[in-house]
Amino acid sequence: MDFEKYYSDRQKLQKLVNNFLEKRMQKKGISRVDEAMEYSLFAGGKRIRPILLMATADAVGVNGYNFLPVAAGLEMIHTYSLIHDDLPCMDDDDYRRGKYTNHKVFGEAMALLAGDGLLTLAFEVMLEQKNVPAEVLVEVVREVAMCAGNFGMVGGQALDLDAEGKQISEAELRKLHSGKTGAMFIAAVRGGAHLAGATDEQLLALTRFADLLGLAFQITDDILDVEGDPAEMGKSAGSDEKKHKSTYVSLYTLEGAKALAEKTVEEALECLNSFGEKAEPLREITRMMCGRKA
């Protein structure tokens, strides 16, 4: 199975997520912040995190379509993080996915509020999930909150800011990206596993898979920052070097980083062995994410 076939076989999950988000965003608030929220939410994201959640549920044996509200909430959190990450006080980027970043269109204050709006709306949407035991849904939302906050993504972003202009160790870099990048992959995979009723043994294997996937994804991102095509990526390349950031390329060299990415992908895939054919979509997602050109 290739990734494009998976999209076709699963009735194009990306479109499914987009349709859900579009319908949900028709419920307007009281101000023009909705426009700024929608600008970034529908700016062309791959919807990786929602698809990961649904594919994980499939691997456990439950139809991932059943969990669209929780999956869509993850995409809202991811989008909020990108809006804030692009702000002048953070990475100061003018382009994202080939379009002007949110603050370049709506101004810094409105972009800040758009991110805040998406983050808070995400939890409202996740809690609209039906046909899941309340205690399971509460646990999933609790884990998402932890992965998105100071123990996960936000904590990793803070470490990233502190590391600018410094050469940090591999352990420090791993800790940084485990939070900034990897935590929301873990939220997606564990969320799908919990919602589908995974056993403790399955949850352990899937958590290890998600951790390794996040690492491989970040190493690939570092490689693309060096040799990626800006036209394909929709943003400038070489930003890490300009900002004097430590990366897996700066630690291992370009070829060393490529070898590490390949090894990490293999280890991640091994974690899925016990799930058999049901995990094939997860395997293809892994190969796609870590073999991407943008």
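Is Glu267 buried, partly exposed or exposed? I looked it up in this predicted model: at 24% relative accessibility, Glu267 counts as partly exposed, since buried would need a value under 20%.

**Lys263 and Glu267.** I went on to the partner of Glu267. Its side chain meets that of Lys263 in a salt bridge, 2.6 Å from N to O. Lys263 is partly exposed too, at 47%. Both sit in helix α15 (residues 254–270), four residues apart, so about one helical turn separates them.

**Glu284 and Arg287.** I found another salt bridge here, 2.7 Å from N to O. The two residues lie three apart in helix α16 (residues 280–290), about one turn of the helix. I noted Glu284 as buried at 11% and Arg287 as partly exposed at 39%.

**Asp160 and Lys245.** I got 3.0 Å for the closest N and O atoms of this salt bridge. Asp160 is in helix α9 and Lys245 in the loop between α13 and α14, so the pair ties together parts 85 residues apart in sequence. Both residues are buried.

**Salt bridge tally.** I have 20 salt bridges down for the model. I also saw Arg24, Lys27, Glu124 and Glu128 linked in a network of them.

**α2 against α5.** I checked how these helices cross: their axes come within 10 Å, at roughly 85 degrees, so the two are roughly perpendicular. On the α2 side, Leu16, Val17, Phe20 and Leu21 make the contact. By class, I get eight nonpolar residues, no polar ones and one charged.

**Thr120.** I placed this one in helix α7, and Thr120 is exposed at 55%. A polar atom of its side chain lies 3.1 Å from the backbone oxygen of Gly117.

How values were computed. Residues are numbered from 1 along each chain as its sequence is written. This is a predicted model: local features need pLDDT of at least 70, side-chain atom pairs count only at pLDDT 80 or more; totals for chains, interfaces and linings use all residues. Side-chain values use heavy atoms; hydrogens and water are left out. Axes are lines fitted to C-alpha atoms, for helices over the stretch in contact, and angles run from 0 to 180 degrees between N-to-C directions. Angles under 35 degrees count as roughly parallel, over 145 as roughly antiparallel, 65 to 115 as roughly perpendicular and the rest as oblique. Contact means heavy atoms within 4.5 Å. Ala, Val, Leu, Ile, Met, Phe, Trp, Tyr, Cys and Pro count as nonpolar, Asp, Glu, Lys and Arg as charged, and the others, Gly among them, as polar. Buried means under 20% relative accessible area, exposed over 50%, partly exposed in between (1.4 Å probe, protein chains only). A polar contact is a pair of N or O atoms within 3.5 Å; within protein, one must be able to donate a hydrogen and the other to accept it, and residues adjacent in sequence count only if both atoms are side-chain atoms. A salt bridge is a side-chain nitrogen of Lys or Arg within 4 Å of a carboxyl oxygen of Asp or Glu.
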